[in-house]
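Here are my notes on this one, point by point. Have the model open while you read.

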Amino acid sequence: MTRASLDKQPHEVASMFDDVAANYDLTNDVLSLGQDRRWRKEVAKAVDARPAERVLDLAAGTGTSSLPFTRTGAYVVPCDFSLGMLREGKKRHPWLPLTAGDATRLPFRDDSFDAVTISFGLRNVQDTDQALRELHRVTKPGGRVVICEFSHPTWAPFRTVYEEYLMRALPPVARAVSSNPDAYVYLAESIQSWPEQADLAGMLQKAGWSKVAWRNLSGGIVALHRGTKSQ
């Protein structure tokens, strides 16, 4: 895998995630100091899935992120382009309708879902704007999008400490717990290269989403963006 840039090659990114699939959830828990559990709870609240609704969980990996939606009675489709992640997810959750798909060419019809969501995966897509348009295409009129992604702390002193953690502390920790530590160097660099919160909001609006808003979690380490597809 080449070092991070926003000109990502899909086959390289997919291969990277194939390599880390077995320990991916555990590694994320360790590297985020357990914060990823809280972030996912906030995603579930924001999506607000309801019984009989259809929810697309893009970049679902092993399907762990889809479980809170299933508990509400919604029909959830976990989708990912890493076959390694999907195979691992099938071992753990054989009843989930895990689906292989590329975010820039989703294998679903127009107006298929009441809600679409992607957590910690949008920055790994080669064409972010196209992915946001595809999410808009497959969402029903009046439907909603929720994007949870690493972002940029808003308090300058904390931002400096955080960036030091990403580039200095994260790699040795990844070496201790991950089967492919270089993948986490890539992920750290991709976080630093990712747009600011307001810039991502602008990209959502450009893709056709309305009522776009965001709120910061953990001081801006993560941002939760929301939008609606006009009726």
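1. Ground rules. Contact here means heavy atoms within 4.5 Å. This is a predicted model, where local features need pLDDT of at least 70, side-chain atom pairs count only at pLDDT 80 or more, and totals for chains, interfaces and linings use all residues. Residues are numbered from 1 along each chain as its sequence is written, and side-chain values use heavy atoms, with hydrogens and water left out.

2. His-136. Look in helix H6, residues 128-138 (helices are DSSP runs of H or I, at least four residues; strands are runs of E, at least two; both are numbered from the N terminus). Not counting residues up to four places away in sequence, His-136 touches Ala-207, Gly-208, Trp-209 and Lys-229. His-136 counts as buried because its relative accessibility is 17% (buried is under 20% relative accessible area, exposed over 50%, partly exposed in between, with a 1.4 Å probe and protein chains only).

3. Helix H9. In H9 (residues 197-206), the buried residues include Gln-197, Leu-200, Ala-201, Met-203 and Leu-204. They sit on the same side of H9 because they cover an arc of only 160° around the axis, taken from the directions from the helix axis to the C-beta atoms. Their cover includes H6, strand S5 (139-150), strand S6 (210-217) and strand S7 (222-228). Just after H9, Gly-208 has a positive phi of about 110°.

4. Gly-61. Is this loop residue buried or exposed? Gly-61 lies between strand S1 (54-58) and helix H4 (67-70), and counts as buried because its relative accessibility is 6%. Leaving aside neighbours within four places in sequence, Gly-61 contacts Asp-80, Met-85, Leu-86 and Leu-98. Gly-61 and Leu-86 are 25 residues apart in sequence, yet 6.2 Å apart C-alpha to C-alpha.
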